Amino acid sequence: MKKVLVTGASGLLGRAIYKEMRKDPSCHVLGLAFSRVTKELTKLDLTNATEVTSTIQQYKPDVIIHSAAERRPDVVELKEDQTKALNVDATSLLAKEAEKIGCWVLYISTDYVFDGESSPYGVNDKPNPLNKYGKSKLDGEEAVLSVNPSNAVLRVPILYGEIEYLGESAVTVLYEKVKDISNTCVMSDYEIRYPTHCDDVAAACKLLIDNRMKDASLGGIFHFSGNEAMTKYNMALSMADVFKLPTNHIKGDKAPMSEAPRPFNSHLDCSRINAMGLAAQKTFKDNIKLCLENYN
């Protein structure tokens, strides 16, 4: 039985990964969390080196899926030191401790490592992050791969999925304004995004792990993404359409976002992982309906 450790297992993506891995009877899964610990998860502060080292040495995982991160670009701009502690320093420690016991690390990264000026981006294209969040995740990638080049990095774009509250995802949070038809709302209609369901990312992680178990040389960088190019304005209109809401109150803004700079179009070329045989994804409208139907 292979032992899999999932960091950030109480988060939006981490919950999906934890659930997906637990479906496999050949896996024993340990989920780590800090701020939202449930009965089935283990509380651990990833910035506490003693706790991290002790947990890895005691559990001795075969695989670590590292999904915990500070992922909010505007927060990162204001809390650079705290972000580095989690996104970079904790990642480096995890990789080093994993290497001591022969454990493979799968690190979840972002399309924000690219500047968005020449998409689609292949796994060998040179990163050029525009904001501190993208830089912190790129530093995390380098930490993982410098310890062992056969570790893996999975870059993904903007995520949504089974949420605990609307604001948990940068996609689903839009619905708060979509359903408030009494007030005009302005949505970005500039940056092109590829909203991706966390269940699909979890399936991609499982595929990578299964293939790694068959081929110990598998590693390096992989890309995974939804297929539909959408601005946040497009997403908002799709949500309104799904729930048959009016759209006159939703206005598109063609100017770049004024907060932490975002790439214009950081579309990821997913041919490397697609060649491994991933299942087809549902449409954004089908998925978002399931995500939001309890929030009307």
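Which residues in helix 1 meet which residues in helix 7? Before you click, note that this is a predicted model, where local features need pLDDT of at least 70, side-chain atom pairs count only at pLDDT 80 or more, and totals for chains, interfaces and linings use all residues. Residues are numbered from 1 along each chain as its sequence is written, and side-chain values use heavy atoms, leaving out hydrogens and water.

**Stop one: two helices.** Select residues 12-22 for helix 1 and 198-214 for helix 7 (helices are DSSP runs of H or I, at least four residues; strands are runs of E, at least two; both are numbered from the N terminus). From helix 1, pick L12, L13, A16, I17, E20 and M21; they meet C198, D199, V201, A202, A203, C205, K206 and I209 in helix 7 (contact means heavy atoms within 4.5 Å). Colour that contact by type and you get 11 nonpolar, no polar and 3 charged residues (Ala, Val, Leu, Ile, Met, Phe, Trp, Tyr, Cys and Pro count as nonpolar, Asp, Glu, Lys and Arg as charged, and the others, Gly among them, as polar).

Now show the strands: an open sheet of 7, in the order 3-2-1-4-5-6-10, with parallel pairing (two strands pair if DSSP finds at least two bridges between them). Strand 3 (42-43) and strand 10 (220-223) stand at the edges with a single partner each, so one side of each has no neighbour in the sheet.

Next, zoom in on strand 5 (residues 104-110) and strand 6 (residues 152-156), which run parallel and are joined by 5 bridges. Click Y107, and you'll find V153 of strand 6 opposite.

Technical notes: Axes fitted to C-alpha atoms, helices over the stretch in contact; angles between N-to-C directions.
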